[in-house]
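Here is a structure to explore by question and answer. Look through it, then follow the turns below.

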Amino acid sequence: MAKEYDIVILGGGPGGYVAAIRAAQLGFKTAIVESKKLGGTCLHQGCIPTKALLRSAEVYRTAKRSEEFGVMTNEVTLNLAKAQERKERIVSQLYNGVQHLMKKGKIDVFEGKGRILGPSIFSPLPGTISVEMNNGEENEILIPKNVIVATGSRPKALPGLEVNGQNVIASDEALKMETLPKSILIIGGGVIGVEWASMLSDFEVDVTILEYADCIIPTEDKEISKEMQRLMKKRGIKVVTAAKVLPETLQKGDKIVVSAEVKGEIKEFSADKLLISVGRQANIEGIGLENTDILIENGFIRTNEYYQTKESHIYAIGDCIGGIQLAHVASHEGITAVEHIANNEPQPLNYSLIPSCIYSHPEAAKVGLTEEEARNKGYQIKTGKFAFRAIGKALVFGDVDGFVKMIVDDATNDVLGVHMIGPHVTDLISEAGLAKVLDATPWEIAQTIHPHPSLSEAIGEAALVVEGKAIHG
Ligand code: FAD
């Protein structure tokens, strides 16, 4: 028999499950439909498992230089199986946590593939959901007043370089590697490609990145991209930019061989494995969008600022609507959508306040505009930059590369953007995020007393540089 709900959510990733929790908190009768596992890409193929392996890489790298810290170890070796086991334990613990939260919120979870059928038998709204249950039981029919589509994304395919799970892989397959290749070619030097390059290089794999743009992580502030590229090369990672890979040249023998056009010249590259990391595409097929008037733009579901699609009671959030494809963005979009359904008049998300992070070695993080974006928007800017090399805690920590860069509107003293590269910047960026939310000026950031010794002193000093009053610079 059909079951009625206030809200049914398609997809249990960080967008969907967080939306479900907020919906339950607001008293809505809520169901979530998940075709694989609650937690989504973030928990099972993305944020958490990659960061668990990156942490193993960091420990291995540090252990190998432990003598420098006066800690004598015998031979340091890597046990990939143990690192994988640790990763699985972390994922499984968090998975249990998400399942518990669903129970606590009295949210009904349907394990199966959801599909919007069309007009419901009880209302003219095209929102009835059919769930093809994973356990093979008869399809469930759900009749919601509102639907939130949160079906996420998957690795984008490169025609001619199809993933075969053996020597041509994407991030999902890389996470399951039982043995390490001696060498790897990574196509795509974006965030995911750079994180994999960093981790595999720590694991002593010979890594080459082939990037189409003029530099890796091309959407970051130019100074951050350049510094990341310099430091990656310093670590022995080969970085080839302005490289247009020619899929028709792919040979899959003992080694992968592929050519690329690099600045007008054809060059051949070979390695044991090829990792394709060229972005993510939305999961919008087979979910019944054709039974609705929902619009698709550039492969993503189109919504308004409250995440309503053209069918005003069907919302869409997270990776399937494109934009900034990050877990915390998906979650906040989910919360905004639910608050809008509840008529709580939520503020639309201000995307310039959203931090984003890269968990490679070195780490990088940003919030707000890059220098180029600020100039293109017509701002007269002043900048402050402070190197970690001059920060005592960075020396103590044993990791001195990188800097904090602050971009400020010369006319109003508003902080337009903060960009960081170096040790623990993925944690430090939250201070810059708060400063942006509170509209702090560089003077206010500099007045905030940063404990000594701490890496956060670099933020205070960068603000002082903007003010022309640096102490240690
Ligand atoms: P997803 O997490 O993709 O969840 C969608 C869910 O919907 C999936 O569980 C899927 O099974 C389910 N689904 C799909 N179709 C149906 C259907 N028809 N019926 C029922 N269920 C369905 N982001 C960060 O913020 N920080 C990071 O460090 C980070 N690292 C990443 C590393 C990698 C390697 C990758 C690939 C991604 C990373 N991301 C990171 C991005 C992050 O994982 C995504 O932005 C986030 O998971 C998007 O959340 P979502 O809820 O929109 O979709």
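Q: How many bridges pair strand E11 with E12, and in which sense?
A: This is a predicted model, where local features need pLDDT of at least 70, side-chain atom pairs count only at pLDDT 80 or more, and totals for chains, interfaces and linings use all residues. Residues are numbered from 1 along each chain as its sequence is written, and side-chain values use heavy atoms, with hydrogens and water left out. Strands (E, at least two residues) are DSSP runs numbered from the N terminus, and two of them pair if DSSP finds at least two bridges between them. E11 spans residues 243-252, and its pairing with E12 is antiparallel, over 6 bridges.

Q: Which residue of E12 is the bridge partner of Val245?
A: A hairpin of 3 residues joins E11 to E12. Across this pair, Val245 has as its partner Ala260.

Q: Which residue takes a positive phi in the hairpin of E12 and E13?
A: E13 covers residues 265-271 and runs antiparallel to E12, with 7 bridges. One of the bridges links Val257 to Ser270. The hairpin has 2 residues between the strands, and the positive phi, near 50 degrees, belongs to Lys263.

Q: How many residues of E12 are buried?
A: Buried means under 20% relative accessible area (1.4 Å probe, protein chains only). E12 spans residues 256-262 and is mostly covered. The count is 6 of 7.

Key:
Buried < 20%, exposed > 50% of the residue type's maximum accessible area, 1.4 Å probe, protein only. Helix = DSSP H or I, 4+ residues; strand = E, 2+ residues; numbered from the N terminus.
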